[in-house]
Every structure is written in structure tokens, then in C-alpha cells.
Amino acid sequence: MKENFLRLERWTSGLSLYTACAMLLLAASLAMFQIITRFVLEIPAEWTEVLIRFSLIWMVFLGIPTAFRQGAMVSVDVLYRWSPPRMRRLLDWVVCLAATGLICIIIWWGWDYAVRGKVQTMAGLESVSMFWAYLAMPVGGLFSLIGIFGNLLDTQRLELETAV
């Protein structure tokens, strides 16, 4: 069962990371398009700024699961380094529970915002509901929960390995 969960976690973390990278590429491309239309063609496209913000929000919330999975999001470095192995495992559980609590709040309120935002439209993109922007919070939160528990089952501390 542990192997099946870790396989699911690898797939979901990979999917969220690749999607976050695609959102970064989209934001950069739209920014270049905006610069060209505004300063070269002198015909600004208002919708690009909204889509850049939209893609950056999705990029952040879909990048968080990878940080959780690699143990790079919430850490107690000094305490972890000075502790014996049993205490380290206890710290892993404490960090996991704290992160899970935070992510559950983000999922709860993110879904609430998304549902309330259905009637609101994006400035510059009047045909697109704010639901799609706010949906990044619960979707990223669900992926993050999988990454948090994946890190608890198969602990990685990549930030400690690269710390100076």
C-alpha cells in the first residue's frame, strides 16, 4: 500500500510540477506579448495582464506540492540536525500535522472563495469567472496533501543537503 501511495504521489507531484512550469512559461510568453503590443505596436492588450496574474497564481499553488515532497517547505533545520533519530521522526510528524492543518484551511477557504467567485468576472476578461483563479487554492492544496504524506512516508530533506 505504501508503494502504491508513493507511486500516486510521484505522479501527482510530477503533474503539478509540470503544470506549474507550463504556467511560468505561459506568464513569460504573455509578458513578452504584452511588451510587444504595448511598446512596439502601441496597441496594448489588456487581457494579457490578467492572464499573467492568473497563471502566476496557478504556478505558485501547483509548485508548492513539490516543495512539500522534497521537505523544503516547512523545516526546523537546527532542531532537526541536533536531534537523535527518534526525535527527528517526531519532528517529521509535528511538521506534517502543522502543514496538513494549514493546507486544510487553504483548501476549505479556497473552495469557499472559488464558489463565491463564480459570479465575479476578471477585469479585462469579462467572459471568465474568478472561480477559475480561486480554484488554484483547493487544487494545489489537494496536491500538497499528497506531497506532505508522501514526504512523511518517504522522507526527503533536500534543503538540508544543499544548505551551507
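Predicted model: local features only at pLDDT ≥ 70, side-chain atom pairs only at ≥ 80, totals over all residues.
## How the helices cross

Residues are numbered from 1 along each chain as its sequence is written, and side-chain values use heavy atoms, with hydrogens and water left out.

H6 covers residues 136-153, and its axis comes within 9 Å of the H1 axis, at a crossing angle of roughly 135°. (Axes are lines fitted to C-alpha atoms, for helices over the stretch in contact, and angles run from 0 to 180 degrees between N-to-C directions.) H1 and H6 are therefore oblique to each other. For angles, under 35 degrees counts as roughly parallel, over 145 as roughly antiparallel, 65 to 115 as roughly perpendicular, and the rest as oblique. The helices themselves are DSSP runs of H or I with at least four residues, and strands are E runs of at least two, numbered from the N terminus.

The crossing of H1 and H2 is left-handed.

Now look at H4 and H6. Their axes come within 8 Å and cross at roughly 165°, so H4 runs roughly antiparallel to H6. H4 and H6 cross in a left-handed way.

Which residues make up the nonpolar surface patch? It's built from Met 32, Ile 35, Ile 36, Phe 39, Val 40, Leu 41 and Ile 43, and it covers about 740 Å². (Patch residues have over 30% relative accessible area and no salt bridge; nonpolar side chains, meaning Val, Leu, Ile, Met, Phe, Trp and Tyr, are joined within 5 Å, and like charges within 9 Å. Areas come from the Shrake-Rupley method with a 1.4 Å probe, and for residues only the protein chains shown count as cover.) Phe 39 sits in H1, the helix of residues 2-40. With a relative accessible area of 61%, Phe 39 is exposed (exposed is over 50%, buried under 20%, and partly exposed in between, with a 1.4 Å probe and protein chains only).

Glu 42 is worth a click too: you'll find it in the loop between H1 and H2. Most residues other than glycine have a negative phi. Glu 42 isn't a glycine, yet its phi is positive, about 55°. Glu 42 is exposed, at 64% relative accessible area.

How many salt bridges does the structure hold? There are five (each is a side-chain nitrogen of Lys or Arg within 4 Å of a carboxyl oxygen of Asp or Glu). The general idea is simple: side chains of opposite charge can pair when their charged atoms come close.

One of the bridges joins Arg 69 and Glu 9, with the closest N and O atoms 2.8 Å apart. Arg 69 belongs to H2 and Glu 9 to H1, so this pair ties together parts that are 60 residues apart in sequence. Are these two buried or exposed? Arg 69 is buried at 8% relative accessible area, and Glu 9 is buried as well, at 2%. Asp 154 comes into the picture here: Glu 9, Arg 69 and Asp 154 are linked in a network of salt bridges.

## Bridges within a helix

Arg 53 and Glu 49 form a salt bridge, 3.4 Å from N to O. Both lie in H2, four residues apart, which is about one turn of the helix. Arg 53 is partly exposed, with a relative accessible area of 49%, and Glu 49 is partly exposed too, at 41%.

H4, made of residues 85-116, contains Arg 89. The Arg 89 side chain meets that of Asp 92 in a salt bridge, 3.5 Å from N to O. Arg 89 and Asp 92 are three residues apart in H4, about one turn of the helix. Arg 89 counts as partly exposed at 33% relative accessibility, whereas Asp 92 counts as buried at 11%.

Technical notes. Left-handed = near helix turned anticlockwise from the far one by under 90°.
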